[in-house]
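Hi there,

Here is the structure I promised to pass on. Have a look at it, and then read my notes below.

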Amino acid sequence: MAMELKNLLVIDDEAPILEMLEMSLASEGYHVLTAESGSHGLQVFKQHRPKLVLTDIKMPEMDGIEVLKRIKTMDRDTEVIVITGHGDMDSAISAIRHGASDFITKPIRDEILMLALERAKEKVRIHQQLRDYTENLEEKIEVCKVELKRAEAELIKNERLASIGETVAGLAHYIKNILTGLRGGMYMVNRGMAGDKPKMLQDGWAMVQRNIEKVSQLVLDLLQYSKDRVPERSMCRPNDIARDAMDLFQEKAGLHGIVLKAFFDEGLEEAYTDQEALYRVLLNLISNAIDACIFDPDTGKAWEVVLRTTLEEQNGQGRLVFEVSDNGTGMTDEVKAKLFSRFFSTKGGQGTGLGLLVTQKIIKELGGEISVDSTEGQGTTFTVRLDLQTPADHAPGVDER
Amino acid sequence: MSKRVLIVDDEPDIVTFLSAVLEENGYTSTSAKDGVEGLEALRREKPDLVLLDLMMPKKSGIAMFQELRKDPELSHIPVVVVTGVSEVTGVDFRNFMYKQPLKDEKKFAETTGLTKYTIPDGYVEKPIDPDELIKAVKKALKE
């Protein structure tokens, strides 16, 4: 028994009852304080602050209800048990209303008194525990607050952290879509074999292949983006690269009612550049242009994607210009602002946000520049400019620009 | 005669997969790749059921669904929504579709244009589980 729960104040104006209670409770291990009147009882209470009080209701001058009220205002956690006369239900109810924890009736039976005291003690303990928890909780919240502030500061300091999180979430979603495709393909391969349905087997297998291709492309994009690469230049024909890139999209464009148009400058013959890298740039830009038409809600339009190559002359320096235009959705200023700044996609789970970043990086490595012009609802044009270089520009001793 | 299902989804892989699952379970299917094509196909083919993606180019699944329910010729056709929208948006869409109208119908009507009487007949989350899909289809067709 906790120290404070040993103290017990008993108030009763009838001496024999008081003595009887004192003896009986002392034998149970309580340290019993006694008082023969309400006012005396309050004095003793103020002095010793017991957590348990047992008081008679019917007393001259100050009755038990009054004692109860005053004790509860001094310490609401003190448990007060009242003793009522036999059949005096009104007093009992009034006492409970004023916060008495229990009532027992005269004649007092030992076991009932002990039970009431046990219950009262339990209540005191619960109050105590609640208070402890609350205090602990406040401490814990303080600790959390400090921890949170520290984390916040770190986050603000390292803005890239947020952007990486976004990237990972976007990539995870994209990869999950690929997994869905692979699972779908597997389902079809399995069912196709089990049911001897060659068409389903074929379609399923094609689906698996398509999605494996998507993963390969993603890995390529990631590598392209993360590694510094020195362009592998050779003499090549830019118009041929453009034509190859365009041809790859004929089928998809046709499926969505988009017309692909090419205007190639015949004066543009050869350039000393990285054929693979340039091809990749054009694939990305044409693919984006087609998506801009597919996502365009304005179905009244005759969509077209135009690829134009031009040989530009400026201060004696020849420049190779690729222009990819579409008359699809166009971009809001908000989208334009995010375009090259970080992993960002408007294509939901169908985009990684890597395409333009890779494109930009390749062009930078080739020493060129990329610009964009877009009007919401009307379309977008991406322009890539590269200096027309010769092998002599890259002879040993000449710095890569 | 096997029942005909119209699949409306912009992703060819999903369409192929869904039609294979349907075929395996004795249904025939056709497909459309956005809400605009979807409505045209609906009017033309009068299918027994529609499997509808929510996020599509041109016309979203929600917009298409609203038009379907408003058109007396089409409004009886059961619709099962097949979507990954919860994952993309972080909104528990199933909860939104079925609990929100009971909680706050006015707000629900404002955000979706739907009422609690016009919510879809079924709901399947991507990634698609074939068994779950067929269960939803059967339930919507009252089979």
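**What turned up**

On the surface, Asp132(A), Glu135(A), Glu138(A) and Glu139(A) gather in a patch of negative charge. Patches here are made of residues with over 30% relative accessible area and no salt bridge, with like charges joined within 9 Å and nonpolar side chains (Val, Leu, Ile, Met, Phe, Trp, Tyr) within 5 Å. Lys and Arg count as positive and Asp and Glu as negative, leaving out His and the chain ends, and each charge is placed at NZ of Lys, CZ of Arg, CG of Asp or CD of Glu. Accessible areas come from the Shrake-Rupley method with a 1.4 Å probe, and for residues only the protein chains shown count as cover.

Please keep in mind that this is a predicted model: local features need pLDDT of at least 70, side-chain atom pairs count only at pLDDT 80 or more, and totals for chains, interfaces and linings use all residues. Residues are numbered from 1 along each chain as its sequence is written, chains are lettered from A and ligands numbered from 1 in the order in which they are written, and side-chain values use heavy atoms, without hydrogens and water.

Glu138(A) counts as exposed because its relative accessibility is 51% (buried is under 20%, exposed over 50%, partly exposed in between).

Helix H5 of chain A also holds Arg125(A) and Glu122(A), three residues apart and so separated by about one helical turn. Their side chains meet in a salt bridge at 3.0 Å, N to O (a side-chain nitrogen of Lys or Arg within 4 Å of a carboxyl oxygen of Asp or Glu).

In chain B, Glu143(B) forms a salt bridge with Lys3(B), with the closest N and O atoms 3.4 Å apart. This pair links distant parts of the chain, 140 residues apart: Glu143(B) is in the segment after helix H8 (130–140), and Lys3(B) in the segment before strand E1 (4–8). Over all chains, the structure holds 31 salt bridges.

There is a nonpolar surface patch too, about 210 Å², made by Val215(A), Val219(A) and Leu223(A). Val215(A) lies in helix H7 (residues 198–226) of chain A.

As for confidence, chain A has a mean pLDDT of 84 (the predictor's confidence in each residue, from 0 to 100).

Best wishes

Key. Buried means under 20% relative accessible area, exposed over 50%, partly exposed in between (1.4 Å probe, protein chains only). Helices (H or I, at least four residues) and strands (E, at least two) are DSSP runs, numbered from the N terminus.
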